[in-house]
Amino acid sequence: MSKVALITGITGQDGYHLSELLNNKGYKVYGLIRGQQNPKKIIVEQEQPYIDLIEGDLTDPASLVQAIETAQPDEVYNLAAVSHVGYSFRNPILTAEVTGKGVLNLLEAIRVTGGEKKVRFYQASTSEMFGGLDYNRPGKGYDENALFHPRSPYGAAKLYGHWITKNYRESYGMHASCGILFNHEGERRGIEFVTRKISNAVAKIHLGLQDHIELGNLDPKRDWGYAGDYVEGMWLMLQQEEPGDYVLATGETHSIKDFLELAFKEIGVDDWKPYVRQNPKFMRPAEVDILLGNPEKAERVLGWKRKVDFENLVKLMVKHDLELEAPRIIT
Ligand code: NAP
Ligand code: F7E
């Protein structure tokens, strides 16, 4: 009998990579899709016909009960969220409803349908819960025991999701695990996130489709890995006998300027500065200046290790966007 997984956030970056992974492992995959006419539905149906889509929304508890009853999952991966930090400052209440309380709605749907002892649950926690302050382990990075200090409505909502997941583990004996994932990127990254915004603009600049890119703060540093590597870690967490919390990270940190430097090199440009303009519109009311993760526990307990390094991540993203944008040139 093949295992059954229900993935929320199926139209997102991680939803794509995780469903590919689980399908290759022989799982029956269900995906939760929201909205009356979600434009991404047709893309999922075309690219990943093996996924059974179930309509539902993290803010609608009854739809989640229905989704659990329909899929009868062995594993639930909660990837759905308002996930853009900048957007969360502009829409803090929606963010709390979806990214925070939505986790509780899903856990309750599992519990009231009697799944708390059967279902293994993954919560997509985040390095944004650390906030870049209290950087109390210089050189080593944040691990599972580091202090939380979220610096955005997104980070605060995720922290609620993190603690309510741990609470259901402790209160009801649920096999509920939290992956504290540092930034992970790739070909499927949303265009509103800085790495993809850069790789896509670099491709368009090279192809003559645009002449510059507008960005916010260029100094923050992030621990950037490849999404395809990180979904393997999510799956490994749910295969452990005991639930737990794990940091997935590369253990390296790089600035946005470093990313620009490597991305523009891919199109033969040594000096990126003439192509970049700063626009206050993309600055945030509070910034996370530096994130560096320590994945020692995940490496030791799960046997997880990232495969793609920073340089190859930038390369694969620019290469992908060059291939994506080239057909748009009208000759
Ligand atoms: P993403 O590409 O932004 O995808 C977010 C998904 O959530 C989309 O499928 C979206 O569906 C869905 N969603 C939004 N609101 C919803 C609602 N009310 N009900 C149901 N679904 C809803 O995010 P990602 O990069 O794949 O990240 C996956 C998860 O990991 C997120 O929870 C994110 O916060 C977390 N995380 C990401 C990173 C990272 O670096 N990528 C790091 C740490 C944690 P629509 O198509 O309907 O909008
Ligand atoms: O910003 C700066 C921005 O939006 C990275 C999400 O997946 O990872 C992601 O959150 C940095 C920030 O990602 C622009 O101020 C400058 O310092 O790509 P981002 P994020 O905020 O780190 C975490 C781990 C998550 O959990 C989140 O879901 O880049 N920056 N200029 C810019 N950022 C954006 N988006 N756009 C700019 O123009």
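This is a predicted model: local features need pLDDT of at least 70, side-chain atom pairs count only at pLDDT 80 or more; totals for chains, interfaces and linings use all residues.
## Salt bridges across the chain

Let's start with charge pairs. Side chains of opposite charge can pair when their charged atoms come close. In this model there are 18 salt bridges. One of them brings Lys-257 and Asp-219 together, with 2.9 Å from N to O. The two partners come from distant parts of the chain, 38 residues apart: Lys-257 belongs to helix H9 (residues 256-265), while Asp-219 sits in the loop between strand S8 (213-215) and strand S9 (221-222). Lys-257 is partly exposed, because its relative accessibility is 34%.

Another bridge pairs Glu-252 with Arg-306, at 3.1 Å from N to O. Here both ends are in loops: Glu-252 between strand S11 (245-248) and strand S12 (254-255), Arg-306 between helix H10 (296-302) and helix H11 (310-325), so the bridge ties together parts that are 54 residues apart in sequence.

Now for a pair inside one helix. Glu-261 and Lys-265 form a salt bridge whose closest N and O atoms are 3.9 Å apart. Both residues are in helix H9, and they are about one helical turn apart because 4 residues separate them.

## The largest nonpolar core

On to the greasy side of things. In soluble globular proteins, nonpolar side chains tend to be buried together. The largest nonpolar core in this model has 27 residues, and the ones with the most contacts inside it are Ile-7, Leu-18, Leu-22, Tyr-77, Leu-79, Tyr-122 and Met-234.

Which elements give two or more residues to this core? They are strands S1 (4-8), S5 (120-126) and S11, plus helices H1 (13-24), H8 (227-239) and H10. H8 gives the most, with 7 residues.

For a close-up, take Leu-22. Leaving aside residues up to four places away in sequence, Leu-22 touches Ala-5, Ile-7, Tyr-27, Val-29, Tyr-77 and Trp-235. Two of those neighbours, Ile-7 and Tyr-77, are also listed among the residues with the most contacts inside the core.

Notes. Residues are numbered from 1 along each chain as its sequence is written. Chains are lettered from A and ligands numbered from 1 in the order in which they are written. Side-chain values use heavy atoms; hydrogens and water are left out. A salt bridge is a side-chain nitrogen of Lys or Arg within 4 Å of a carboxyl oxygen of Asp or Glu. Buried means under 20% relative accessible area, exposed over 50%, partly exposed in between (1.4 Å probe, protein chains only). A nonpolar core is a set of buried Ala, Val, Leu, Ile, Met, Phe, Trp, Tyr and Cys residues joined through side-chain atoms within 4.5 Å. Contact means heavy atoms within 4.5 Å.
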